[in-house]
Amino acid sequence: MSGLSGCATAGAGASDSSRDVDVLVDDAACARNREAGKITYISGYGYSASAAQIDVFLAEELGYFDELCLDVEINASGANGQQLVASGQAQFTALGSASDVMLAAANSSNLTAVATYGDVSPFSIFANEKITDLKDLEGGTLGYFINLTPVASAMLDAAGVDVSQVDLVKMTNYDPTVVTRGQVDAIVGYASNQPEKLRSLGLPFTEFLPEDFGLGGTYNVMEANAEFLADHRDVAADFMRADLKALDYCLDNEDECVGVLSDLAERNNQGAAFPKDQQARTWGVESEWVRESESGTPGVINMDAWQGEYELVQQYGNLDDPPPLAEMVDTELVADLYDKSGNLIWPAG
């Protein structure tokens with residue numbers, strides 16, 4: 001497996017045509033991939049060290065896209081990824097869970113999920129230490145970010161919480177210490193991020209996980225523009241091939257990948273938002289979610305996990321009639337990238 005020392009480092013969003021890499025695909029495949037034109041990827045959350053993100057950045061930095069004749073542009077703004085992909089202004093984006101895919105599918109039929117990176121919900125409810133049971137939130141405050149995720153609603157329901165007695169607050173501040181300082185009683189957050197920050201600071205808090213209530217989930221999804229996928233299936237497959245090659249590299253070389261990603265964030269004026277110590281904590285947790293995937297092959301969609309989350313969305317997602325699950329996913333694109341032994345198929349060159 002090649003190391004970073006052998007390739008130039010280009011800024012995210014930039015294509016370095018002078019990078020000295022060997023093309024590994026044959027002339028026909030190279031021409032096909034080049035004819036597809038620029039492939040734009042929208043990061044789900046800046047330079048976060050999360051699957052479906054760190055792997056795309058590293059596939060670019062390691063030269064894997066170039067080896068497959070792919071012209072990839074990375075947009076790390078993290079804004080409106082689903083809208084841009086659905087409209088055809090971009091081809092791929094990262095989402096936090098299957099629930100996000102399902103909620104988006106209610107508003108657009110031009111999105112297709114092609115990969116899932118784990119079979120555990122990435123969400124948790126972290127609370128002030130005085131909250132020892134979720135029912136303690138009745139009469140208190142619960143913060144959330146984009147939406148109160150279906151799995152969080154299911155957790156509250158399983159705990160017997162009367163949500164009408166909880167003041168739900170949309171958060172704009174990602175500082176987790178607002179919980180330990182009592183400004184809000186609890187927050188629905190990302191288990192690998194804010195709670196890990198509190199642990200690093202040695203601050204006391206309580207954390208409730210979906211599995212505490214017998215709830216499953218999905219961790220991070222790669223979503224593609226459905227028309228692009230239909231018109232350029234082999235190209236999309238090679239994009240995912242390079243992505244998964246980089247993911248494998250970052251499972252084996254955690255510190256190196258975190259360092260490269262943090263340096264990219266710093267060079268692109270997002271270093272304060274994605275400091276290396278935080279990135280290391282995040283990838284330290286999330287890399288284990290990838291390794292523990294029930295499919296055994298990263299990226300392959302586990303339909304049992306998706307079905308469970310689909311049922312949660314039907315019950316708690318405030319959707320009258322979500323599209324059929326089969327219309328939202330492509331289970332074969334990534335599965336076909338692995339051989340019978342579960343090894344990623346990579347051209348020998």
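**Reading the labels**

Mentor: Cys69 lies in the loop between helix H3 (64-67) and strand E2 (72-75). Helices (H or I, at least four residues) and strands (E, at least two) are DSSP runs, numbered from the N terminus. This is a predicted model, where local features need pLDDT of at least 70, side-chain atom pairs count only at pLDDT 80 or more, and totals for chains, interfaces and linings use all residues. Residues are numbered from 1 along each chain as its sequence is written, and side-chain values use heavy atoms, with hydrogens and water left out.

Trainee: Why does Cys69 count as buried?

Mentor: Buried means under 20% relative accessible area, exposed over 50%, and partly exposed in between (1.4 Å probe, protein chains only). Cys69 has 1% relative accessibility, so it counts as buried.

Trainee: Where is Asn269, and is Asn269 buried or exposed?

Mentor: Asn269 sits in the loop between H11 and H12. Its relative accessible area is 73%, so Asn269 is exposed. Its phi is also positive, near 60 degrees.

Trainee: How do you know that the span of H11 agrees with its 14 residues?

Mentor: The expected span of a helix is 1.5 Å times one less than its number of residues. For the 14 residues of H11 that gives 20 Å, and the end C-alpha atoms are 20 Å apart, so the two agree. H10, with 20 residues, reaches 29 Å from its first C-alpha to its last, close to the 28 Å expected.

Trainee: What makes H10 roughly perpendicular to H11?

Mentor: Axes are lines fitted to C-alpha atoms, for helices over the stretch in contact, and angles run from 0 to 180 degrees between N-to-C directions. Helix H10 (residues 233-252) and helix H11 (residues 254-267) pack at about 115 degrees, with their axes 5 Å apart. Angles under 35 degrees count as roughly parallel, over 145 as roughly antiparallel, 65 to 115 as roughly perpendicular and the rest as oblique. That is why H10 is called roughly perpendicular to H11.

Trainee: Which residues of H10 and H11 meet?

Mentor: Tyr249, Cys250, Leu251 and Asp252 in H10 meet Glu254, Glu256 and Cys257 in H11, where contact means heavy atoms within 4.5 Å.

Trainee: What about H2 and H11: what makes them roughly perpendicular?

Mentor: The axes of helix H2 (residues 54-61) and H11 cross at roughly 85 degrees and come within 10 Å. Therefore H2 also has the label roughly perpendicular to H11. On the H2 side, Ile54, Phe57, Leu58 and Glu61 meet Cys257, Val258, Val260, Leu261 and Leu264 in H11.

Trainee: Which residues of H11 are buried, and what covers them?

Mentor: Cys257, Val258, Gly259, Val260, Leu261, Ser262, Leu264 and Ala265 are buried in H11. Their cover includes H2, H10 and helix H12 (276-291).

Trainee: How do you know that H10 is mostly covered?

Mentor: In H10, 16 of its 20 residues are buried.

Trainee: And which residues touch the most other members of the largest nonpolar core?

Mentor: A nonpolar core is a set of buried Ala, Val, Leu, Ile, Met, Phe, Trp, Tyr and Cys residues joined through side-chain atoms within 4.5 Å. The largest has 88 residues, of which Tyr117, Ile125, Met222, Phe239, Met240 and Trp283 touch the most other members. H10 gives the most to this core, with 12 residues.
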